[in-house]
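Colleague: I am new to this one. Could you walk me through how to read it?

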Amino acid sequence: MKPFFLLWSLFLLSACGGVEARIDKANLIAAQSHLKRFNIAAEPFTLAGWKKLNSPHSQTVHLYIEGDGFAWARRSVPSPDPTPRNPVGLNLASRDPYPNIVYLARPCQFNGVADPCSETFWTDKRFARKVIDSYHAALNILVKQHDIKAFHIIGYSGGANIAGLLTHEREDIETLITVAGNIDNDFFTTYHKVSPMPQSLNMADYAEQLAKRPQHHFIGQKDRIVPVEIFKSYAHKLLTHACSEHSIVKDVSHLDGW
């Protein structure tokens with residue numbers, strides 16, 4: 001075997017082992033807060049999640065959506081599995097004292113890579129219509145199963161873009177909260193000088209409509225991945241700021257401090 005292919009094979013093997021460790025880490029985080037693992041068939045994906053519903057037939061649920069995870073092994077090389085090494089969204093959910101918590105991972109996270117989980121769904125199509133529709137399907141199932149009347153949705157990093165798109169398209173989301181949120185994906189790709197995502201949706205395109213929905217955006221002062229400029233680009237597109245608030249959180253980066 002040539003050295004390059006040997007090294008690549010070793011990388012894939014270590015990545016597979018790394019996935020198991022990442023899943024174990026997530027299970028430990030969830031167990032400490034009594035969040036129970038579940039999978040939900042939401043065509044065309046099966047989304048992984050954890051939940052804690054202490055008030056049966058609850059009125060409202062805090063819904064967390066994870067970030068992009070380990071999407072890229074290097075700047076131009078997709079990872080073999082997007083399961084996050086540091087599941088910030090799950091950590092946030094585990095610290096929320098609200099009695100009714102649902103956390104949803106992103107497509108292909110925590111479940112292994114299988115069809116239709118091609119790498120395109122954690123790279124250029126991470127916000128594609130199929131992805132958004134999958135979350136709609138998942139939320140509709142949860143509403144029916146648990147008699148949920150409304151969601152307060154919290155999106156971390158790229159999960160914030162999905163949270164914003166869902167807020168725009170659903171009537172049962174009462175408030176939108178983003179944490180280190182990529183809330184203008186088109187500006188994000190331009191800012192970082194990376195490939196655009198023409199097949200992905202962008203919540204900032206619906207800022208005029210979202211301006212009427214209660215929202216709060218938390219930005220890390222030391223965040224170099226989603227800096228304050230991303231928020232400013234989105235905020236500039238709001239016609240009114242009557243329902244929008246934001247906070248700059250000191251000494252917090254993209255991954256640390258939340």
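**Two arginines**

Modeller: This is a predicted model. Start with Arg-170, which sits in the loop that links helix H4 (158-169) to strand E8 (173-179).

Colleague: Is Arg-170 buried or exposed?

Modeller: Buried means under 20% relative accessible area. Arg-170 has 8% relative accessibility, so it counts as buried.

Colleague: Which side chains make polar contacts with the side chain of Arg-170?

Modeller: Look for N or O atoms within 3.5 Å. The side chain of His-136 pairs with that of Arg-170 at 3.1 Å.

Colleague: Which residues is Arg-170 in contact with, leaving aside neighbours within four places in sequence?

Modeller: Those contacts are His-136, Leu-139, Asn-140, Val-143 and Arg-213.

Colleague: Now Arg-106. Where is its place?

Modeller: Arg-106 is in the loop between strand E6 (100-104) and helix H3 (129-146). Its relative accessibility is 5%, so Arg-106 counts as buried.

Colleague: What does Arg-106 touch, not counting residues up to four places away in sequence?

Modeller: Contact means heavy atoms within 4.5 Å. Arg-106 touches Leu-47, Ile-65, Glu-66, Gly-67 and Asp-68, among others. The list also includes Arg-126, Phe-127, Tyr-135, Gly-158, Gly-159 and Ile-162.

Colleague: Which backbone oxygen does the side chain of Arg-106 reach?

Modeller: That of Gly-67, at 3.2 Å.

Colleague: And what separates the C-alpha atoms of Arg-106 and Ala-41?

Modeller: Two distances apply. Along the chain, Arg-106 and Ala-41 are 65 residues apart.

Notes: Residues numbered from 1 in each chain as written. Predicted model: local features only at pLDDT ≥ 70, side-chain atom pairs only at ≥ 80, totals over all residues. Heavy atoms only, no water. Helix = DSSP H or I, 4+ residues; strand = E, 2+ residues; numbered from the N terminus. Buried < 20%, exposed > 50% of the residue type's maximum accessible area, 1.4 Å probe, protein only. Polar contact = N/O pair within 3.5 Å; in protein donor to acceptor, adjacent residues only side chain to side chain.
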